[in-house]
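Here is a short briefing on a sheet and the helices around it. Have the sequence and the 3D view open as you read.

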Amino acid sequence: MKNSRVYRAYKLFRYSLARRLPGAWGRYYERKFLGLHAKAAFGEALRRSEGKTCIDLGANVGIYTRKMAMAAKRVIAFEPDPWACAELRAGVADLENVTIVNAAAGVRDKKVLLYRHSGFKSDPVSYSTSSSVVPDQGHLTEEDAVEVRQIDFIRYLEALCEEIGVIKIDIEGAEVDLLESLIERPDVLARIDYIFAETHEKGIPAHGPRVDALYEKARGIEHPRINLSWP
């Protein structure tokens, strides 16, 4: 039953009611509800992005970069991990509308350490998705950390001067700083149609209150549409 449309419809109905609960439970079910809709909403957002630029932050090996490239005029893919970036370049080499930036997206220009999962050496395909510039996660280790370039993403958007269809943000904990800064820049937000971001407060409990505040602020923003429950 769990793979059926009936079960999904049941969950949607359940979450749509439960998200009206007060306090933490209401917030929990609100995020579950948004998460169920995220991939469908992402597909619809891409369909509306024809002729625009899309940005993939935390592209890894390019699964979503390719999907974006099929719809958008141009895709800019950020990937800081050297191993994943090499795989990304190889995987989208046939796509002329993809620009790859081998850097982390952050709130200032600097060199940072990128921490890797403890299992990275044995299985980089599975564990490269966990690489992060935020070390406060139990599965990360400094043993295989590499120094990477971080780009001030707000400044990057200012210089881009393009209409942006979709920004996908999956940067393993660094999204909180970035989203907090981005939400304070309505002039930059005005050129973006959709933002889909995964928050990682389960792995970084200290981020919980900040993520709650981001959800609250996102509810009050009509443009762009912001979904913080990317799966």
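Strands β1 (residues 53-57) and β7 (residues 164-169) run parallel and are joined by four bridges. Within this pairing, Asp56 stands opposite Lys168 in β7. The model is predicted.

**The sheet**
- β1 and β7 belong to an open sheet of six strands, ordered β3-β2-β1-β7-β8-β9, with parallel pairing.
- β3 (98-101) and β9 (225-227) are at the edges; each has a single partner strand, so one side of each lacks a neighbour in the sheet.
- On average, neighbouring strands of this sheet are turned by 10° against each other, direction ignored.
- In general, strands of a sheet pair through backbone hydrogen bonds.

**Helix α7 on the sheet**
- Helix α7 (residues 175-183) lies across β1, β7 and β8 (192-197).
- α7 runs at about 155° to β8.

**Helix α9 and its two faces**
- Helix α9 (residues 208-219) has twelve residues.
- From first C-alpha to last, α9 reaches 17 Å, close to the 16 Å expected at 1.5 Å a residue.
- Which residues of α9 are buried? They are Gly208, Val211, Leu214, Tyr215 and Ala218.
- An α-helix has 3.6 residues a turn, so residues three or four places apart point the same way.
- Pro209 and Glu216 are exposed, on the face of α9 turned away from its buried side.
- The cover over the buried residues of α9 includes α2 (23-47), α7 and β9.

Terms used. Residues numbered from 1 in each chain as written. Predicted model: local features only at pLDDT ≥ 70, side-chain atom pairs only at ≥ 80, totals over all residues. Heavy atoms only, no water. Pairing = 2+ DSSP bridges. Axes fitted to C-alpha atoms, helices over the stretch in contact; angles between N-to-C directions. Contact = heavy atoms within 4.5 Å. Expected span 1.5 Å × (residues − 1). Buried < 20%, exposed > 50% of the residue type's maximum accessible area, 1.4 Å probe, protein only.
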